[in-house]
Amino acid sequence: MVSIWYFLLGSYFLSILTFPLFKTRVSSNMYAFSNGFFLFLISSWLISNLFGIIYRGDIFSVYLDTKGSTLQTIDFSLTTLLTPINFFFILLVAIIGLATNVYTLNYFKNEADELSFLWILNGFIASMMFLVISGNFYSIFLGWELIGLTSFFLINFWHVRRGTLKSSIKAFTFNLVSDIFLIASFIFFYLVTNTTNVNILFCKSYICNFYNDPYLSYGVYMLIISAGIKSVQICGHLWLPDSMEAPVPASSLIHSATLVSAGIYLLCKFSFFIQGCGLVSLLSLIGCVTAAYGGVVAASQTDLKKLLAYSTMSHCGFLWVLASCGELYPVVIYLYLHGFLKAVTFFCSGSFIRFHGTQDSRLMGIGGMTQRLDSIFFLLSSANLAGLPMTLGYFYKFFFFTFFVISTHSILNTGLLIIGMLSSIIY
């Protein structure tokens, strides 16, 4: 059973790595079909083993012997589906990655160099998968770096456009700052716990009493800053509107299942440290401020893609509030709900932008779109994201708000959340 999983994941990674050797002989349709096929098999295998994987984990470790050096062994372990976090995140990435590959074939049919875009796009998907299945500091940091690098190439894909290079460099710079804070947090964690394996770290957090160590607090603060930049929390969101220079398929991935979700994944992965250091209130405040700010700014936007970008920022604030409470399954449900709906919204927005030839929502009328199927999907997904009555978004936001009010007594945070939820209806 486990060998099948390794075979599917390895085949998908291999199909991406060997692409440059066959670039001149492979059509874009064939390449998208190949990667989509592997993503379909990965998704099917995960769904078919849904209940077994959540309660049973497997570990695959590769050791690099470094005899003669001060460091005896470097553990590059890849923890595959050891926790429900790994399972749910990689399933979300695989399903939305499959849909994005299919959408790209139609969206890019009149564009040059479609094959290169598909290669970078699937490299972006594979980088997120690598991050999710990583089990120690080395591999997590490598996956974190790969996500930032591939996002730079996606945002800068149309490099002939004015401002595109500037936007990609800005996003890359913010991601680089996030990388620096992440590696600093891992150094502090290692100084306190003397291990790089996340599973051993988790066990030691229950056995050893090292929460009074100031180095651990420094590491957690660094981790929060790193995750905050990646998941566009307040003050770390400045790169997000500029990332709209990327093609629509790339934007849908960035805003639904990969780049902004990586910060949420990091919080869930190390939530035991955050709770142990008593930083739940700080995380909750950051999330509430982000949700309110993103919603208010989104309501004032006329550029359709930037409106969706600030909408993502607002929803990431809601996700941070849930993650601060230490509840995994509410985070996963909201992440899936937002991920699928935001991907559909971006796909439909791409069709509208192509149809009207502009991103300005003031110049987009309903004429010519009333018979389009994507208009129906756009309205349904927007209604759910806004939380209108009798939608999935409404019921989940109701339970989320009820859960938050019961678990906290902060009037400020509650007021900020109300502003964020009401503004989502406006935009």
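Rings of Phe, Tyr and Trp (its six-membered ring) count as a pair if their centres lie within 6.5 Å; planes under 30 degrees apart are classed as stacked, over 60 as edge-to-face and the rest as tilted. The model is predicted, so local features need pLDDT of at least 70 and side-chain atom pairs count only at pLDDT 80 or more, while totals for chains, interfaces and linings use all residues. Residues are numbered from 1 along each chain as its sequence is written, and side-chain values use heavy atoms, with hydrogens and water left out.

A search of the whole structure gave 29 aromatic pairs. In one of them, the ring centres of Phe117 and Phe157 are 5.1 Å apart and the planes stand at 65 degrees, so this pair is edge-to-face. Phe117 belongs to helix H5 (residues 114–133), and Phe157 to the loop between helix H6 (137–155) and helix H7 (164–193), so the pair ties together parts that are 40 residues apart in sequence. Helices (H or I, at least four residues) are DSSP runs, numbered from the N terminus. Phe117 and Phe157 are both buried, meaning under 20% relative accessible area, with exposed over 50% and partly exposed in between (1.4 Å probe, protein chains only). For Phe272 and Phe273, the centres are 4.8 Å apart and the planes at 55 degrees, so the pair is tilted. Both Phe272 and Phe273 are buried. These two residues also belong to one aromatic cluster, together with Phe137, Phe186, Phe189 and Phe270.

Grid points are joined across faces, edges and corners, and a volume is the space filled by probe spheres set on the points.

The largest pocket has a volume of about 410 Å³. Its lining comprises 19 residues, of which Ile85, Phe202, Cys268, Lys269 and Ser271 are the closest to the centre. Helix H8 (198–207) is among the helices that supply at least two lining residues each, and H8 gives the most, with four.

Two cavities of 30 Å³ or more were found in the whole structure. The second largest cavity holds about 60 Å³ of space. Its lining includes His315, Tyr334 and Lys397, and H15 provides the largest share, four residues.

Key:
On a 1 Å grid over the protein atoms alone, a cavity is a set of points where a 1.4 Å probe fits but cannot get out, and a pocket is an open set with protein on both sides within 12 Å along at least five of seven lines; lining residues have an atom within 4 Å of a point.
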